[in-house]
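Here is a short briefing for a reader new to this structure. Please look over the sequence and the model, then read the points below.

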Amino acid sequence: MNTQTVNQKRLPGDLAIWIFILAELTVFAALFLMFSVSKSMNVQMFAEGQQTLHPLMGLINTLSLITSSYFVAKAVLFASKGQLKKSAQWIWMGIAIASIYLVTKFMEYQELMALGYNLRTNLFYTLYFFITFFHFMHVLMGIVILIAVANKAKKGGYDDDITGVETGASYWHMVDMVWVVLFPLIYVIQ
């Protein structure tokens with residue numbers, strides 16, 4: 001192996017996932033822009049709506065996704081060393097921690113709906129439910145991807161090429177990164 005090959009930089013995972021990630025980030029950016037513009041035009045409505053949210057649940061979700069992302073990053077590291085069973089174990093731990101997000105978000109939706117808030121309440125709740133549920137569906141899809149990657153890694157399916165592990169991890173990190181922007185935008189910034 002020559003020095004040029006070792007020092008060559010490349011995107012982790014498959015190029016197709018990066019095209020998909022760019023498209024997804026574009027959609028989320030448009031949604032965040034729509035939320036921000038709507039908020040600037042309806043300051044009081046958005047402030048009142050924000051008061052009904054649960055920043056502690058949002059923080060729990062943030063910590064859950066960041067921790068999960070760390071575990072998935074560790075999985076990629078073990079896969080790169082050829083330790084696929086350890087890689088699978090780290091992915092499963094990431095999935096378990098990410099499940100906290102699903103449960104917490106579901107509880108938050110349930111509580112808000114019990115108080116009578118839904119997509120039709122006003123513009124704040126329309127955007128809140130739409131954007132956060134859109135993200136929720138991405139988390140679900142990410143978990144499905146991670147389950148497939150973990151199962152294949154456990155069976156030794158990435159012996160020659162860990163592109164699949166990197167691809168799943170890249171998608172997962174995108175989902176986490178979106179939440180890191182979504183949480184302060186919707187829950188914290190007045």
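The points below run from the whole chain to single residues.

This is a predicted model. The protein chain holds seven helices and zero strands. Buried residues make up 43% of its 190 residues. One salt bridge is counted, and the largest nonpolar core has 53 residues.

**Overall build**

- Read from the N terminus, the order of elements is α-α-α-α-α-α-α.
- Along the principal axes, the C-alpha atoms fill a box of roughly 60 × 30 × 20 Å.
- Take the contacts between residues at least 6 apart in sequence: 81% of them join residues at least 24 apart.

**Surface and charge**

- The accessible surface of the protein chain is about 10,300 Å².
- Carbon and sulfur atoms account for 69% of that surface.
- The chain has 12 positive and 10 negative charges.

**The salt bridge**

- Lysine 105 pairs with glutamate 108 in a salt bridge.
- Their closest N and O atoms are 2.8 Å apart.
- Both residues sit in helix 5, which covers residues 84-114.
- They are three residues apart, about one turn of the helix.
- Lysine 105 and glutamate 108 are both buried.

**The nonpolar core**

- Within the largest nonpolar core, Phe35, Tyr128, Ile131, Trp172 and Ile186 touch the most other members.
- The elements giving two or more residues to this core are helix 2 (15-41), helix 4 (55-80), helix 5, helix 6 (123-154) and helix 7.
- Tryptophan 172 has contacts with Leu65, Ser68, Ser69, Val72, Ala98, Val139, Gly142, Ile143 and Leu146, leaving aside residues up to four places away in sequence.

**Tyrosine 128**

- Tyrosine 128 is part of helix 6.
- Its relative accessibility is 0%, so tyrosine 128 counts as buried, the cut-off being under 20%.
- Tyrosine 128 and phenylalanine 35 are 93 residues apart in sequence, yet their C-alpha atoms are 8.4 Å apart.
- Apart from residues up to four places away in sequence, tyrosine 128 touches Leu53, Lys105, Glu108, Tyr109, Leu112, Phe133, Ile186 and Tyr187.
- That list includes Lys105 and Glu108, the two partners of the salt bridge.

**Tryptophan 179**

- Tryptophan 179 belongs to helix 7, residues 163-188.
- With a relative accessible area of 0%, tryptophan 179 is buried.
- Tryptophan 179 and threonine 132 are 47 residues apart along the chain, with 8.8 Å between their C-alpha atoms.
- Its contacts, not counting residues up to four places away in sequence, are Gly58, Asn61, Thr62, Leu65, Tyr101, Lys105, His135, Pro184 and Tyr187.
- Lys105 is one of these contacts, and Lys105 also touches tyrosine 128.

**Valine 178**

- Valine 178 lies in helix 7.
- Is valine 178 buried or exposed? Its relative accessible area is 3%, so valine 178 is buried.
- Valine 178 is 149 residues from alanine 29 in sequence, while their C-alpha atoms are 9.1 Å apart in space.
- Beyond residues up to four places away in sequence, valine 178 touches Leu25, Phe28, Phe32 and His135.
- His135 is also among the contacts of tryptophan 179.

Technical notes. Residues are numbered from 1 along each chain as its sequence is written. This is a predicted model: local features need pLDDT of at least 70, side-chain atom pairs count only at pLDDT 80 or more; totals for chains, interfaces and linings use all residues. Side-chain values use heavy atoms; hydrogens and water are left out. Helices (H or I, at least four residues) and strands (E, at least two) are DSSP runs, numbered from the N terminus. Buried means under 20% relative accessible area, exposed over 50%, partly exposed in between (1.4 Å probe, protein chains only). Contact means heavy atoms within 4.5 Å. Accessible areas come from the Shrake-Rupley method with a 1.4 Å probe; for residues, only the protein chains shown count as cover. Lys and Arg count as positive and Asp and Glu as negative; His and the chain ends are not counted. The place of a charge is taken as NZ of Lys, CZ of Arg, CG of Asp or CD of Glu. A salt bridge is a side-chain nitrogen of Lys or Arg within 4 Å of a carboxyl oxygen of Asp or Glu. A nonpolar core is a set of buried Ala, Val, Leu, Ile, Met, Phe, Trp, Tyr and Cys residues joined through side-chain atoms within 4.5 Å.
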